[in-house]
Amino acid sequence: MKHNRKIMSFLAPVTLITLIIIIWQAACTLLHVSEHILPSPSAIAVAFKNDFAGSILPDTFVSLRIMMSGYLIAIPLGFIIAALASQSRFITRMILPVLIILMMIPMATLVPELKLFLGVKPSLKILVIILQTAPVIAVNSLSGFTHVPQNKVDLMKGLGCGKPETFFRVVLPNALPQIFTGLKLGCILCMIAATAADMSVGQGGLGYRIARSATFSATSTAFAAIIVAAVIGVAFYMLVSLVESIVIKWKQ
Amino acid sequence: MAYISLKSVNKKFSTRRSEIYALKNINMDFNKGEFVSLVGPSGCGKSTIIRLLDDILKPTSGEITVDGFAYNNSESIPKNMIKKMGFIFQVPNLYPWLTIRENVMLPLKVYKMKGPEYDKYAEELLDYVGLAAYGDSYPSEISGGMQQRIGVIRGMIHKPEIFMMDEPFGALDEDTRENMNLELLEIWKKTHMTVIFITHNIEEAVLMSQRIYVMSSHPGMVKSELTIDFSGRERNLDLISDRKFAEYCTDIESMIGTLRLDEIK
Amino acid sequence: MRKTKNNFVNFINAVYPPVLLILFLFILWQTVCEVKNIQVWMLAKPSDIFSKFVENTKDILPHIGITYTNILIGLALAIIIGLLIAVITCSFPVLGSALTPITVSLCCIPMVTLVPTLMLIFGVGRSVKLITIVIQAFPIVTMNAATGFLNADPAHIELMQSLKADKFQQFKYCLIMDALPDIFTGMKLSSIMAMMGGITAEMTGGNQGLGSRISFYIGFSKTPEALSCIIYIAFLGAVLYSIISLIEKKAVRQ
């Protein structure tokens, strides 16, 4: 019974995706949809093969590099800000609304402004990613740190533990689910911010490739790059989810 | 034909390493309107019997019949049958998002029973267990013992004919438990419910029951059956000082004591 | 009388710390700009922004209305659709395992890349913006709601089984209440995605909404005006998130 379930959970999505590709291809071919408006799967495959080595692969590496740099800086940044703020109710009340405001501003709105102010540099892209990702991680981690059951904290106090020990033994483990919520959303936003930054700032990257292909009406290449971006985003998300399940299991 | 009967009921649980017989060859009969207790050490399958009667578990083999209706392995009990039964488990399991009153009346919602007579009955039951003032409170605001009392009256709100209770008063203090025992006896006398009562407290069982099944564990089996007869004497706390009461308790204790020695061997 | 006084005091206590911080940041921003003599077109000072704020607001008032409406409607639709799909995927496991990878993928596609194609098909009106917001925002709602439904307290479910409640009753009386915290998390996170989808769609095409105004003003190096648009966007985002948080506090009781 369990064996059947596992097979089904693999077959079902594969079947659905195959079906979608077939319908997409059929619609494009039969309705004579222009390749420049909506390319068919076959056109995308051709573009992928043609442009892989020349543009898609190097652009993928550029995007991956800035995403990783941005994300790996945003994690400790957001985490430490949340950890420090959670130590004082006043600071939490002061900082949380500001973090929420930062979190809700789409970085796409700030990129043009930052371009004027800081100039066009690769570090600008990484800054944009950090600005978009760190607040989400901070807000969710802060929420986790401040919603620990009071009786557990009191127990630590009763045993004579200081604030740092209470934090690492009780607060942090209890906050893990919320922290991972922030990390998972953070990696999605990281992907989106990286793409927006690439589009706006240029100098390589999948977003740049998508925008540039669009200007030349090479829509198939653009779609190939979009699919690569989506796959990277999903893979990244699944990776963080995997880490989450390992950590949660280990905690238990 | 008894009102409720279990015939040659076995319940096996398979784990990765072995098979465990929670219940082996259980034969029990309950007559309409009787008050019967199941007594035995922990692990003797008493809770499993309640779950089988509630159709949450299916027996590995054997027959269960309630009021002429035979349980079968493929379907659930129909709603009209389950409405006749009330179940009380060891843990109150109240819903934290409902008020006490709403928790008590939850079975009515599932059974689609409506009307002012049920509203009144809910207030009566709350009053009966001394929690009338807490109707609008939430479970997180009351103690564990109070929650368990709410669990008990929740099991009765739909006026069942058959009442099955799995160690309902185990977590209560001595005084409250004695009060609840007497109240349960009052309700039983008034409503003529058939009561199946599971407990590890021998005095409680002897005080309230007309018959007691004594069970052994590993695997769970019926070791013996006792009829508790106080020759028409009123069942109340005075009974505890009766010599016959003490004899019954000692008999059962020695039975369970022997059982424990058996298990050690 | 005492209750109102307490509520007022609580409100002030909650509001003054962040206001202090924001004022401090504005003063810092102003000082840095003046000391380093930064040009207006590069980074406008708070004083520049606020001196033109009222006049600018009158100009962009219709656009504010359009953006706010788009995002509110889009978010509402995304939440409804997201919850419906979550209920469907949890009720029909086969369909659920088919749809889950697609839902996760949709969430990870930056809609900014698909907006041009969508605009070729649907034009540059309101519908494109709403479609973008819904596609970007609903997956998060679905994923969190599904987690909530599948992680309901087994003890609570057992009570429903003991009463022989049917699937619909189990959902209505137990599952949905157990899942409520996760559902609200999903709604809060999807509001972030809705802002992102809506604003980037406006920046990409069409000349309606605050997003398009930002592109317009930057094109003419009118930085103070662009930044005042961003302030309106930040306000919308913060209020949206806070409203959902407030409703969550009232509705969720564990």
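## Domains of the three chains

In this predicted model, chain C is assigned a domain 1 covering residues 1-37 and a domain 2 covering residues 48-251, where the bounds of domains come from an automatic or database domain assignment. The C-alpha centres of domain 1 and domain 2 of chain C lie 29 Å apart. For chain A, the assignment gives domain 1 (1-32) and domain 2 (39-251), and the C-alpha centres of domain 1 of chain A and domain 2 of chain A are 30 Å apart. Chain B is divided into domain 1, made of 4-84 + 179-264, and domain 2, made of 89-159, with 25 Å between the C-alpha centres of domain 1 of chain B and domain 2 of chain B.

Residues are numbered from 1 along each chain as its sequence is written, while chains are lettered from A and ligands numbered from 1 in the order in which they are written. Since the model is predicted, local features need pLDDT of at least 70 and side-chain atom pairs count only at pLDDT 80 or more, whereas totals for chains, interfaces and linings use all residues.

## Chain B as a whole

Chain B has 9 helices and 10 strands, these being DSSP runs numbered from the N terminus, with helices (H or I) of at least four residues and strands (E) of at least two. The radius of gyration of chain B is 19 Å, close to the 18 Å that the globule rule gives for 265 residues, so chain B is as compact as a globular protein of that length; the radius is taken over C-alpha atoms, and the rule is 2.2 Å times the number of residues to the power 0.38. Taken along the principal axes, the box filled by the C-alpha atoms of chain B is roughly 55 × 50 × 35 Å.

Of the 265 residues of chain B, 39% count as buried, a residue being buried if 20 or more other C-beta atoms, placed from the backbone, lie within 10 Å of its own, exposed if 12 or fewer do, and partly exposed in between. Among the contacts in chain B with a separation of 6 or more, 71% are accounted for by residues 24 or more positions apart, where two residues are in contact if their C-beta atoms, placed from the backbone, lie within 7 Å.

## A covered helix and positive phi values

Helix α1 of chain B, residues 46-53, is mostly covered, with 7 of its 8 residues buried; among them are Ile49(B), Ile50(B), Leu52(B) and Leu53(B), together with Lys46(B) and Arg51(B). Just after α1(B), Asp55(B) takes a positive phi of about 60 degrees.

Glu167(B), although not a glycine, has a positive phi of about 45 degrees, and its place is in the loop between β7 (162-166) and α7 (174-191) of chain B. Glu167(B) is buried, with 22 other C-beta atoms within 10 Å. In chain C, Lys164(C), a residue other than glycine, has a positive phi near 55 degrees; Lys164(C) sits in the loop between α7 (154-162) and α8 of chain C, and is buried with 20 other C-beta atoms within 10 Å.

## Helix pairs in chains C and A

In chain C, the axes of helix α6 (residues 126-150) and helix α8 (residues 167-204) come within 7 Å and cross at roughly 155 degrees. That makes α6(C) roughly antiparallel to α8(C). Axes here are lines fitted to C-alpha atoms, for helices over the stretch in contact, and angles run from 0 to 180 degrees between N-to-C directions; angles under 35 degrees count as roughly parallel, over 145 as roughly antiparallel, 65 to 115 as roughly perpendicular and the rest as oblique.

In chain A, the axes of helix α2 (residues 41-85) and α8(A) come within 7 Å and cross at roughly 135 degrees, which makes α2(A) oblique to α8(A). The residues that make this contact are Ser55(A), Ile56(A), Asp59(A), Thr60(A) and Ser63(A) of α2(A), and Leu206(A), Tyr208(A) and Arg209(A) of α8(A).

## Where the chains touch

Of the 2 pairs of chains that touch, chains A and C have the most contacts between them. Their contact takes 43 residues from chain A and 47 residues from chain C, and the largest share of the side of chain A that touches chain C, 10 residues, comes from α3(A).

Chain B contributes 15 residues that are in contact with 13 residues of chain C. On the side of chain B that touches chain C, the elements giving two or more residues are α2 (79-82) and α4 (106-110) of chain B, and α4(B) gives the most, with 3 residues. No contact joins chain A and chain B, whose closest C-alpha atoms lie 13 Å apart.
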